[in-house]
Amino acid sequence: MATAQFFLGVDGGATRCRARLRDSSGRELGRGLGPASNIYLDFDEAMQVVRETIKSTIAAGAPRQEIAVGLSLAGLSDDKEAERVSSALPGFARIVAVNDAVAACVGANGLGDGGLIIAGTGSAGIARVGARTTIIGGRGFWLGDDGSAARLGESALRATLRAIDGLEPMSGLAQALGRHFDDDPLRMSRWAADARPSDYGAFAPQILDVARSGDARAREIVGEAASAIAALANALNALGAQRIALAGGFGEPLRPFLPPDVAKRLAAPRRDAVDGAILLAGGTLAEDAACP
């Protein structure tokens, strides 16, 4: 195995792909940013995005054979998939591919014990206690992701369509979201046929705004998302995770809706999934580097 002099962390998810290159002292040398790269939805497309993002990050000239790569990938579920990912990225000193929840937990807490709740386009909880790593949730949009931005958007659009069809009272939420489709049920159905999780998640900020305005239906749906995140927190505590961080672009906006005791228990992550991937690849982090 080649000796690594540089460490590259990549976080590929349903919204974007981020990368960061550090030297052996932990000093940052470069960053890269690409579009969505979820292998759960389209493996080949996701890996093409990862390759392009890596290429832009190491453009300064660090030789591939001296770079250890840590990959944090949404949708990665077993060793067979990790091997498939590694095979798609030849020429590096080594590849460590893990589920994005694992890398995010390491970034949030370091290599020691801890827990993490990710609330972004998708959602998941993870506990790393002793030698055991347990992932809860993170099963994808169709069967999981409760408490996520995508699931919130899906629930709110369902309520909107029901209101337009006269199956439930018209609400401020339904009025706000219905405008995107000219209150046309057929247009909504056609949109949903091709929509991805990130498309549903794009409605989350507006749904939260409507909930903050006091709309009862919006508050009900947001409350369901908050309850799902609280359930993850309680499950991680039961597994022995004492410090639990809340991460993801949807996490902090949802925090005011969480039960007060749960919101108080959830800490801010120390680092992100990209730096978590770097740690898992064997790298170090400069002490003066700010948490992204």
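These legends describe close-up views of a predicted model. Local features need pLDDT of at least 70, and side-chain atom pairs count only at pLDDT 80 or more, while totals for chains, interfaces and linings use all residues. Residues are numbered from 1 along each chain as its sequence is written, and side-chain values use heavy atoms, with hydrogens and water left out.

**View 1. Aspartate 275 pairs with arginine 20 and with arginine 22.**
A salt bridge here is a side-chain nitrogen of Lys or Arg within 4 Å of a carboxyl oxygen of Asp or Glu. The N to O distance is 3.1 Å for arginine 20 and aspartate 275. Arginine 20 sits in strand β2 (residues 17-23), aspartate 275 in helix α12 (residues 273-280), 255 residues apart. Helices (H or I, at least four residues) and strands (E, at least two) are DSSP runs, numbered from the N terminus. For arginine 22 and aspartate 275, the closest N and O atoms are 3.0 Å apart. Aspartate 275 counts as buried because its relative accessibility is 0%. Arginine 22 is buried too, at 2%. Buried means under 20% relative accessible area, exposed over 50%, partly exposed in between (1.4 Å probe, protein chains only).

**View 2. Arg20, Arg22 and Asp275 are among the members of a salt-bridge network.**
Other members include Asp11, Arg18, Glu28 and Arg31. The structure holds 19 salt bridges.

**View 3. Glutamate 154 and arginine 151 form a salt bridge.**
Their closest N and O atoms are 3.2 Å apart. Both residues lie in helix α4, three residues apart, about one turn of the helix. Glutamate 154 is buried, with a relative accessible area of 15%. Arginine 151 is buried, also with 15%.
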